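Colleague: Could we go through this model together? I would like to start with the aromatic side chains and then turn to the helices and strands.

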Amino acid sequence: MQRKHRPVVSGDLLDRFLEAVDTQGSLHASFLVRAQILMGMRNHEARLMRWSGLRLDEKVFIPDKTKNGDAPVMPIPDVMLPWFEKLKVEGGTFGLICPGEKEGKPRGHDFTARYIRRAAIQVGLPPNLTDHRLRASFANILNKRGVPLPTIQKLMRHSKVETTMIYIETREDEMRQAINLVG
């Protein structure tokens, strides 16, 4: 559980936030933000996504490697499928899904930062929302919708549930509502 509140995109703001990213006009930024908030990907995992790992018929993505070195199968939510199709039309199906400016190189680690910041401000979130907080948003949205913690842990590719708990925000009003269920 977080020691202090840090910004996350809540489930009720998710659509507005993604729309605010989209209105900025970058297909790659829209895709990368979605990969982080809808699939729980780390920034570098999203930027390094390759067409060779995509299995659209199975609705899964298999990364070349991840932070801890393994390559787990990552389910693709239905809402992401049209975004893969849009990028296919734009650039084909070879190499990186969102290539950078230089041939064969990924986008920079801070590519989505300005899109996230502008969208956050537009929907009334703090401007210090970061790509890593999108991953926390993923965990929090799943938690609020009743997804069991072990499932969230697996989706985030954490080896320990304690690591997953670091991402979960619990606010005082939620604790009060929970305690009132007792009596």
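Colleague: Are Phe111 and Tyr115 buried or exposed?

Modeller: Both Phe111 and Tyr115 are buried. Please keep in mind that this is a predicted model.

Colleague: How many aromatic pairs does the structure hold?

Modeller: The structure holds 2 aromatic pairs. In one of them, the rings of Phe31 and Phe84 have their centres 5.1 Å apart. Their planes stand at 80°, and an angle over 60 degrees counts as edge-to-face, so this pair is edge-to-face.

Colleague: Which parts does the pair of Phe31 and Phe84 tie together?

Modeller: Phe31 belongs to helix H2 and Phe84 to helix H4, so the pair links parts that are 53 residues apart in sequence. Phe31 and Phe84 are buried.

Colleague: And why is the pair of Phe111 and Tyr115 tilted?

Modeller: The planes of Phe111 and Tyr115 are at 50°, so the pair is tilted. The centres of these two rings are 5.6 Å apart.

Colleague: Let us turn to the helices. At what angle do the axes of H2 and H4 cross?

Modeller: The axes of helix H2, residues 27-39, and helix H4, residues 81-91, cross at roughly 150° and come within 11 Å. The crossing of H2 past H4 is left-handed.

Colleague: Which residues make that contact?

Modeller: From H2, the contact is made by Leu27, His28, Ser30, Phe31 and Arg34. H4 contributes Trp83, Phe84, Lys86, Leu87 and Glu90. Sorted by class, the contact has 5 nonpolar, 2 polar and 3 charged residues.

Colleague: What about His28: why does it count as buried?

Modeller: His28 has a relative accessible area of 9%, and buried means under 20%, so His28 counts as buried. His28 is found in helix H2.

Colleague: What does His28 touch?

Modeller: Leaving aside residues up to four places away in sequence, His28 touches Leu87, Glu90, Ile97, Cys98, Pro99, Arg107 and Phe111. Two of these names have come up already as H4 residues in the helix contact, namely Leu87 and Glu90.

Colleague: A change of topic: in what order do the strands lie in the sheet?

Modeller: The open sheet has 3 strands in the order E1-E2-E3, with antiparallel pairing. The edge strands are E1 (54-55) and E3 (74-75), each of which pairs on one side only.

Colleague: How many bridges join E2 to E3?

Modeller: Strand E2, residues 60-61, is joined to E3 by 2 bridges. Phe61 has Met74 in E3 as its bridge partner.

Definitions and conventions. Residues are numbered from 1 along each chain as its sequence is written. This is a predicted model: local features need pLDDT of at least 70, side-chain atom pairs count only at pLDDT 80 or more; totals for chains, interfaces and linings use all residues. Side-chain values use heavy atoms; hydrogens and water are left out. Axes are lines fitted to C-alpha atoms, for helices over the stretch in contact, and angles run from 0 to 180 degrees between N-to-C directions. Helices (H or I, at least four residues) and strands (E, at least two) are DSSP runs, numbered from the N terminus. A crossing is left-handed if the near helix is turned anticlockwise from the far one by less than a right angle, and right-handed if clockwise. Contact means heavy atoms within 4.5 Å. Ala, Val, Leu, Ile, Met, Phe, Trp, Tyr, Cys and Pro count as nonpolar, Asp, Glu, Lys and Arg as charged, and the others, Gly among them, as polar. Two strands pair if DSSP finds at least two bridges between them. Rings of Phe, Tyr and Trp (its six-membered ring) pair if their centres lie within 6.5 Å; planes under 30 degrees apart count as stacked, over 60 as edge-to-face and the rest as tilted. Buried means under 20% relative accessible area, exposed over 50%, partly exposed in between (1.4 Å probe, protein chains only).
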